[in-house]
Amino acid sequence: MTRKSLYVAIPYIVGFIASYTLHDTNYTYIGILSSFVITATLILVFKLGVKQSILCETSFIIGFLMFSNYMVTKVEYLKKYYGSDIVFTGKVVQIDDYSSDMSSYILDGLIDGKVKAKISLYMESVDCQYGDNIYLECTAEDFTSDYLFDSKSYYNSKGVYIQGDDVHSLEIFHVDDDVVCNVIRSLQNYRERILGTFKLNMSKSGASLMSAMLFGDKSDLSKTDKSSLIRSGIGSLIAVSGLHLAILTSVLKFFLEYFEKKDLALPKSIKFIVYELFMLMFLTVVDFPISAVRTFIMLSISNMAMLLYRKPDTLNTLCITSMAMLCLQPYLIGNVSFLLSVVGVYGIGVLSPYLTQDLNLPNFVKSILSTMITTLCVMPVCLIFFDEVSIAMPLTNIVCLPLCEISLVCGFIVFITGKKVLILTKALLYLADICCKLMISICNVISKIPFSNLPTDYNVLMYLVIICVLICIVCYGIYKSKKYVAISIVSCVVILGMTIIGVEKYQDSILKVAMLGNSKYQVMVISYDGDVNVIDFSKNYKTSTYVQTYCKRQGIDNINSITMLKKAYQSMTMYNVQLKDYKVSTVNVPQGTYLRSDYSILGAVPNLINVDNSKYAYTYRDFNITVYDNETFDIVHNGETKTFIVDDFNVVYLYYLNDGFFEVRSLES
């Protein structure tokens with residue numbers, strides 16, 4: 001089957017990537033080079049004709065210019081407001097409530113009554129609903145990403161390029177007569193009622209996981225369970241994705257087929273409308289997550305094709321959908337949810353059938369192979385964007401995916417029936433509760449397996465992943481053979497694994513002194529040859545999150561000591577949660593800290609130390625390092641003393657002992 005859309009879609013998307021890397025990342029040259037190489041590969045290796053080659057090149061140029069034009073006419077134009085006071089009038093289109101009576105709002109409207117834009121506000125909660133109009137005066141600022149969260153990329157992918165800071169005045173005008181707003185509010189209230197049903201009929205852990213899986217509501221999911229799910233490689237299951245809409249349409253199909261058996265068959269056009277309405281309703285309930293929107297468009301195209309008696313093709317549909325979404329929101333090209341969604345569908349809908357369809361194997365074996373192939377497809381994106389990647393991901397998906405699907409089917413039936421049949425609701429949620437608790441138990445075990453996660457904080461991975469993808473593309477283009485494609489994929493996985501092991505070994509020979517946090521909370525992590533020591537200078541609970549993130553990215557599993565210089569009771573509790581999967585030998589806390597006789601932190605009984613000396617010495621093989629409470633440190637190596645003053649945060653001081661030189665590197669997202 002000739003897929004003509006590939007000649008347009010792939011070069012177009014590659015052009016977007018080239019333009020995006022030119023403007024927004026630290027990998028400009030490698031991005032542009034790889035983009036041209038991929039386009040050249042499509043033309044030369046696949047031996048395209050003159051017309052197809054011209055079409056590819058033209059599509060590449062259009063994609064490049066489309067993103068560049070968007071940057072100039074939209075993003076760069078809005079940047080001129082940064083640092084200045086603006087008057088904004090707009091409608092509330094998203095509300096996210098947080099603890100301590102704080103909320104985040106996204107408004108869609110006009111700046112100074114003339115420039116259309118979206119802005120984000122993070123402030124104390126106010127009495128407003130979706131669709132209400134807001135008039136405010138504030139200072140426009142750019143988004144700033146830190147070590148823990150890349151807020152700039154997150155909001156840019158939503159089409160939001162301004163955050164409102166220092167709000168001077170704010171007026172809310174409630175809207176009660178807008179039909180669309182009232183429908184959306186009703187759906188949101190319906191979701192809250194269903195969430196309440198989960199809490200009444202399921203255990204606390206089961207209800208929190210069910211709420212996260214079905215609606216993306218992670219507010220009740222404990223940090224321990226969330227960490228286990230992510231570390232075991234199935235964190236994507238607690239994000240609303242294409243799987244949800246696929247299951248929803250399957251449940252709807254079951255009900256429609258039931259009606260057909262009762263001689264109540266509906267015309268194809270009515271079925272199409274039913275599918276579309278239910279999918280739109282669910283998307284509204286979960287606030288239009290990117291991966292679910294992608295699935296909605298793909299399913300709509302496929303259903304429309306069947307309505308017109310055309311056979312849908314997954315790859316064609318995926319290409320058309322990707323182009324449509326990028327045209328509407330260009331910054332999706334750098335959004336991890338969008339990329340994971342696209343490569344995931346490619347893995348399960350294109351590559352897996354291609355490699356397994358001719359294998360004479362039982363269906364359950366093919367299903368396992370399909371899961372593994374799909375996992376390998378998403379692995380490159382995970383290596384580039386995530387703190388760590390679980391090598392147990394294929395196994396965890398094979399075991400937990402059926403449990404997840406059963407839970408979602410039960411949840412969707414309750415969602416569709418509106419809990420009208422009480423006995424059915426209780427039975428379904430009882431089954432879902434068992435599945436959810438099993439998933440949590442399995443993930444708790446897998447997440448604690450030593451060396452089960454690969455660190456990703458190495459720049460070499462970016463280049464190696466791109467090279468591996470190019471190798472697989474070239475191999476397919478030259479040989480057109482499933483055998484050689486499979487060999488190239490396996491070879492690339494082996495090369496990638498060996499490279500990571502080699503890089504980790506090399507990294508152990510470098511002394512690293514990382515200062516994490518900000519002006520309110522600071523923590524230092526010293527590591528060399530597997531010996532890791534943590535010094536917490538503040539009593540803020542967030543410091544443990546910084547340590548956890550750093551350890552993930554650096555591939556650290558064991559910590560020699562954690563020293564807290566303040567009586568940080570809340571911080572102690574958070575260390576127990578955030579670092580529960582790490583082996584910690586020693587924990588030091590200040591004298592006078594009140595501790596129960598049976599109290600332990602990460603399995604270690606805390607030592608009471610005198611913090612008045614204001615210095616903490618660590619001895620490694622052939623050098624000593626002394627850290628002072630004023631956040632300076634000395635290194636004594638070969639009889640020579642070097643003193644460093646830490647004047648920035650989220651940086652790491654690297655001492656290459658073998659070469660005898662230092663380097664300071666930023667750790668920001």
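1. Start with where helices H5 and H15 touch: Thr197, Phe198 and Asn201 in H5 meet Thr425, Lys426 and Leu429 in H15. Contact here means heavy atoms within 4.5 Å. By class, the residues of this contact divide into two nonpolar, three polar and one charged. (Ala, Val, Leu, Ile, Met, Phe, Trp, Tyr, Cys and Pro count as nonpolar, Asp, Glu, Lys and Arg as charged, and the others, Gly among them, as polar.) Helices (H or I, at least four residues) and strands (E, at least two) are DSSP runs, numbered from the N terminus.

2. Keep in mind that this is a predicted model: local features need pLDDT of at least 70, and side-chain atom pairs count only at pLDDT 80 or more, while totals for chains, interfaces and linings use all residues. Residues are numbered from 1 along each chain as its sequence is written, and side-chain values use heavy atoms, with hydrogens and water left out.

3. Now the geometry of that helix pair. H5 spans residues 179–201 and H15 residues 422–447; they pack at an angle of about 70 degrees, with axes 10 Å apart. That makes H5 roughly perpendicular to H15. The labels go by angle: under 35 degrees is roughly parallel, over 145 roughly antiparallel, 65 to 115 roughly perpendicular and the rest oblique. Axes are lines fitted to C-alpha atoms, for helices over the stretch in contact, and angles run from 0 to 180 degrees between N-to-C directions.

4. On to cysteines. With a disulfide taken as a pair of cysteine sulfur atoms within 2.5 Å, the count comes to zero. Cys138, for one, is in no disulfide, and the nearest cysteine sulfur, that of Cys128, is 15 Å away. Cys138 is buried at a relative accessible area of 0%, and Cys551 is buried too, at 1%. Buried means under 20% relative accessible area, exposed over 50%, partly exposed in between (1.4 Å probe, protein chains only).

5. Two residues to look at in helices. Thr375 lies in helix H13 (residues 363–385) and counts as buried, at 5% relative accessibility. Leaving aside neighbours within four places in sequence, Thr375 is in contact with Met393, Pro394 and Asn397. Ile467, in helix H16 (residues 459–479), counts as partly exposed at 45% relative accessibility.

6. Finally, the backbone. Most residues other than glycine have a negative phi. Asp112 has a positive phi of about 55 degrees although it is not a glycine; it sits in the loop between strand E2 (102–111) and strand E3 (115–124) and is partly exposed, at 39%. Asp287 has a positive phi of about 70 degrees, again without being a glycine. Asp287 belongs to the loop between helix H9 (268–285) and helix H10 (290–307), and is partly exposed, with a relative accessible area of 31%.
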